[in-house]
Amino acid sequence: MKMTWAIFLTLFWSFSLFASPWESFSQPNRLSPEAIGSYANGCLLGAKALPLNGHGYQVLRSQNKRYYGHPNTIAFIERLSSKARSELRTHILIGDMSLPQGGRFSSGHTSHQTGLDADIWFRLADTKLSSAQLSLPKPKTLVDMSAYKLSSANWDNRHFRLVKMAAQDNEVARIFVHPVIKDKLCSLEGANRDWLRKVRPWWGHNYHMHVRLRCPQGDANCVDQKPPPKGDGCGAEVASWKPAKAHNVKTYRGSKTNTKVEKSATSTTVKVKSKPKKFLPRQCTQLIDHSK
């Protein structure tokens, strides 16, 4: 019994030690909407909540309070879901967005800090999910991870159409998907390939796409990511993501040394620079200080 309590207390204090202070905010602040800082080091002023009862979508794990975003993100999701409902005859499932005032999650993501990121699951809800299913949703992977190939049983051509719809939205800067999914998208598109430049291969995105919006016009303190490499990112570029045989492809998520380093179509090696220490933007530290 003593050992059980010891383990419990250890886990409790470990969680308390590493929990993000941003998760203590239960409501958005009342400031004018503005994304502050970069996607992985920032916060959000004047966030809006994505309505839990909307048209063409459902919100997953709402108990985690990660359904907030910049007004531009809310508008994008409503545009995309309305189009998906009318053209694809389904409901899209919205995963993690941002916390009520943005900032770092205690687990799950490094980005999603400025209200401009949203995870959209590849599981298509032709029939709406129940409350219990929304609270503990089961993902549907589009990749056979052990074989590093597309899961033909789970693939639906509507996945291609959904990603393309999202990528063609003017507010979207990037969409992260698993390299195998990117390769499939490349194989299905014909001459109109411009949108594929926005779709970037990245590990861990086999059951959802991570949509990233550009900095809103007028948000002077928002830091945009550099544009994706030129070209559609297909062919040799996406093929270069396939792990060597020495790796266990079922669990391979990329080397820790190349985190967030995007490959270009012409590069053969990637030089990794040491990461500079991050300092939270002043507007964000002020939010935390005022909450104490």
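Trainee: Which residues of helix 4 are buried?

Mentor: The buried residues of helix 4 are Arg-158, His-159, Phe-160, Leu-162, Val-163, Lys-164, Met-165, Ala-166 and Ala-167. Buried means under 20% relative accessible area, exposed over 50%, and partly exposed in between, with a 1.4 Å probe and protein chains only. Helices (H or I, at least four residues) and strands (E, at least two) are DSSP runs, numbered from the N terminus.

Trainee: Before we go on, where do these values come from?

Mentor: This is a predicted model, in which local features need pLDDT of at least 70 and side-chain atom pairs count only at pLDDT 80 or more, while totals for chains, interfaces and linings use all residues. Residues are numbered from 1 along each chain as its sequence is written, and side-chain values use heavy atoms, with hydrogens and water left out.

Trainee: What happens at the start of helix 4?

Mentor: There, a side-chain oxygen of Asp-156 comes to within 2.8 Å of the backbone nitrogen of Arg-158. A polar contact is a pair of N or O atoms within 3.5 Å; within protein, one must be able to donate a hydrogen and the other to accept it, and residues adjacent in sequence count only if both atoms are side-chain atoms.

Trainee: Is Glu-189 buried or exposed?

Mentor: Glu-189 counts as buried, because its relative accessibility is 11%.

Trainee: Now helix 5. Which of its residues are buried?

Mentor: In helix 5 they are Pro-179, Val-180, Ile-181, Lys-182, Leu-185 and Cys-186. These residues pack against strand 8 (143-144), strand 9 (149-150), helix 4 (157-167), strand 10, strand 11 and helix 6.

Trainee: What does Leu-185 touch?

Mentor: Setting aside neighbours within four places in sequence, Leu-185 is in contact with Trp-155, Phe-160, Val-163, Trp-195, Leu-196 and Val-199. Leu-185 is also among the residues with the most contacts inside the largest nonpolar core, together with Phe-76, Ile-175 and Met-209. That core has 55 residues. A nonpolar core is a set of buried Ala, Val, Leu, Ile, Met, Phe, Trp, Tyr and Cys residues joined through side-chain atoms within 4.5 Å.

Trainee: Ile-175 is new to me. What stands opposite it?

Mentor: Val-211 in strand 12 stands opposite Ile-175. Strand 10 (residues 172-177) and strand 12 (residues 208-213) run antiparallel and are joined by 4 bridges. Two strands pair if DSSP finds at least two bridges between them.

Trainee: How does strand 10 pair with strand 11?

Mentor: Those two strands pair in the parallel sense, over 3 bridges. Phe-176 has Arg-200 in strand 11 as its bridge partner. Strand 10 is mostly covered, with 6 of its 6 residues buried.

Trainee: Changing topic, how many disulfides are there?

Mentor: The whole structure has 3 disulfides, each a pair of cysteine sulfur atoms within 2.5 Å. Cys-43 and Cys-284 form one of them, with sulfur atoms 2.1 Å apart. Cys-43 lies in strand 2 (residues 41-45) and Cys-284 in helix 7 (residues 282-291), so this pair ties together parts that are 241 residues apart in sequence.

Trainee: Why is that disulfide left-handed?

Mentor: The torsion about the S-S bond of Cys-43 and Cys-284 is about -85°, so the disulfide is left-handed.

Trainee: And which residue is bonded to Cys-186?

Mentor: Cys-186 forms a disulfide with Cys-234, their sulfur atoms 2.0 Å apart. Cys-186 lies in helix 5 and Cys-234 in the loop between strand 12 and helix 6 (236-239), so the pair ties together parts 48 residues apart in sequence.

Trainee: What about Cys-215?

Mentor: A disulfide joins Cys-215 to Cys-222, S to S 2.1 Å. Both Cys-215 and Cys-222 are buried.

Methods
Contact means heavy atoms within 4.5 Å.
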